[in-house]
Amino acid sequence: MSGPVSGAPPALLDVANVVRDYRLPRRTILAARARLRVLHGVSLSVRAGVSLGLIGESGAGKSTLARLMLGLERPDLGTVRFAGDDLARLGRARRRELRRRIQMVFQDPYGSLDPRQTVGRSIEEPLAVLARGLGPRQRRDRVAAGLVAVGLDPGAIGRYPHAFSGGERQRIAIARALVTDPDLLVADEPVSALDVSVRSQILNLMMDLRDQRAITYVLISHDLTVIRHVTDCVAVIHLGRIVEEGTTAAVFARPLHPYTAALIAAVPKPDPRFRRKPGKVPPEPHAPLFVRHCPYAPRCPRAREHCFAEMPPLGEAGAGRRVACFYPLE
Amino acid sequence: MALLDVRALTVAFDGAHGPVTVVDGVSFTVAPGESFGIVGESGCGKTLTALAVMGLLPPGARASGSVSLDGSEILNAGDDLLSGLRGRRMAMVFQEPMRALNPVRTIAGQVAEGARIHLGLGAAAARDRARELLDHVGLPASRFPPDLYPHELSGGQRQRVVIAIALAAGPALIIADEPTTALDVTTQARILDLIVDVTDAEGAALVLISHDLGVIAEMTDRMMVMYAGMIAEHGPTAAVFAAMAHPYTVGLFNALPAMREAAGARFRTIPGKVPPPGPALRIGCPFAPRCRSAGPRCRAGLPPPVSLSPGHEAMCFFPGHP
């Protein structure tokens, strides 16, 4: 399992057997509220300095997992530990300390900044709450240094978000996340809303900051090329279960799970020789909720009888790799 | 004859300091059944070009030039002519399916509406047509009952409904504006396959707008790259990719973190950012401030089109020198 091995330093973040259910709205006024299981016993750990990418389709549970890692939601079963502490059992002081050490950046640089606050106030806000020892002067210095670190002019402090482009706002959001000097930054689709040329600038900035400040990223992106460039390890999530895990280089070079291979193959290639041909329209996949067999089997070109009879466990598959498949790719 | 013929299309808005030109002298044609790509970043005029073709420019926009579909002029045409063409001869698929769908009407009802209005079908016939179309786009009634509402569907499923609506009257031209931008990679692939399949089956032409050169490469016969409201480069897609000539096209291509590159390598960027739409009179190449190979000529006058191969042109004084 992925729990800390005795003797080894504890993982920065350790997710153990996490189950998360969402209660669905009632279909009728008297009906019981059905539950939808979005995470089915997920375990993974993030070690300091080893950035993790989470990939999978919409609805796979990536963002829910991120929210659990941030302590914004609690698991229904299982635990999420940060530096050994269970996020669900923290006192107020520890919780505040933890909020300082785990920060987040979201997809929408327009929605994540308060339009009525100056950029300086937005960035300073986490400091006021989380680093109370600092005086106003020190706080202002930290904010200015944060803006410089993300490539913005410190003069931006007194301006409002509307004066900035999408890329600049995402830089501001990153400055805000970094001002408390966190150990872990969870970034959920941080560049999806940005234009191609701006996206590269933000990704380069994130890689520079990681190298300069020893920050560990948990990065969620549906853009696999981004994950491949920025992260060290990757976990592939399919319908609330991890189906493959390993170093990013190994998984992209040689995916073992047919689902991972399908994800990688689906990335559009900027080469007209890969012209799409008309063919049979692929139907919308079924999303079975509670199944006893491999949930990917109905879509899997390699599925055999066994795959429809039993759930493949997430098992070791060579150095540092795990895969949940009875018939992994060679 | 071209199905769609756009000539010297210019779209401007009134700004505080005079007119602001957002589409500036854009010309292109689309043949029946052809697939034409428009690529560029936000603010380069892609969407307004499409809206001008559909006759859906926002109030306050002033358009000049010419847009003709099947030989009839539609730019600044009256609502009667346009509503006869929209849906029937041309249809649009938008980026955000949730905003294109009516949240309080069933999916089959919305698909049937187009068939009823444009084909003059009765209620029962329109319902049958809707069922057929939904089945065609991969939403068979066995799993997707016609009385579902948009919120009960995923993003990819909603986009399928939007495509079914676009197909309802068998249009000759489908304009798809970033149809897969909000979708994840496998859903994107399925929707792109669906678009290829339905346009092929209906013999419809496609104008596909995307910021993703990968999508343009996989989907289109011919393409144009827009920058700051103008065409930077255009030509057969294979020719453009084989010999990218405009430094902006090259920059867009290089900024893609390709699967072939070493992981962990820095992303190549285009310095600076897309300029905000400016006053009507422009001096020099709009890309010059961000261009590594720009010289004094580029800042003095607008570069003329340079022919690189049959049908492939770049508006650049130094084509092929990124």
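This is a predicted model: local features need pLDDT of at least 70, side-chain atom pairs count only at pLDDT 80 or more; totals for chains, interfaces and linings use all residues.
Me: Before we get to the sheet, when do two strands count as paired?
Reply: We go by DSSP bridges here. Two strands pair if DSSP finds at least two bridges between them.

Me: What is the strand order in the open sheet of four strands in chain A?
Reply: The pairing in this sheet is antiparallel. E1 (residues 13–23) and E4 (residues 77–82) of chain A, for instance, pair over five bridges, and Ala16(A) has Thr79(A) as its bridge partner in E4(A). Reading across, the order is E2-E1-E4-E5.

Me: Which strands of that sheet stand at the edges?
Reply: Look for strands with a single partner, because one side of each is then left without a neighbour in the sheet. In chain A those are E2 (35–46) and E5 (85–86).

Me: At about what angle to E1(A) does helix H1 of chain A run?
Reply: H1 covers residues 62–69 and lies across E1, E2 and E4 of chain A. Relative to E1(A), the helix runs at about 120°.

Me: Which helix of chain B do the buried residues of H9(A) pack against?
Reply: The buried residues of H9(A) are Pro258(A), Tyr259(A), Thr260(A) and Leu263(A). Within chain A they pack against elements including strand E3 (52–55) and helix H8 (248–253). From chain B, the helix is H7 (185–202).

Me: How many residues does H7(B) give to the side of chain B that touches chain A?
Reply: The contact takes 40 residues from chain A and 50 from chain B. H7(B) gives the most to chain B's side, with twelve residues.

How values were computed:
Residues are numbered from 1 along each chain as its sequence is written. Chains are lettered from A and ligands numbered from 1 in the order in which they are written. Helices (H or I, at least four residues) and strands (E, at least two) are DSSP runs, numbered from the N terminus. Two residues are in contact if their C-beta atoms, placed from the backbone, lie within 7 Å. Axes are lines fitted to C-alpha atoms, for helices over the stretch in contact, and angles run from 0 to 180 degrees between N-to-C directions. A residue is buried if 20 or more other C-beta atoms lie within 10 Å of its own, exposed if 12 or fewer, and partly exposed in between; C-beta atoms are placed from the backbone.
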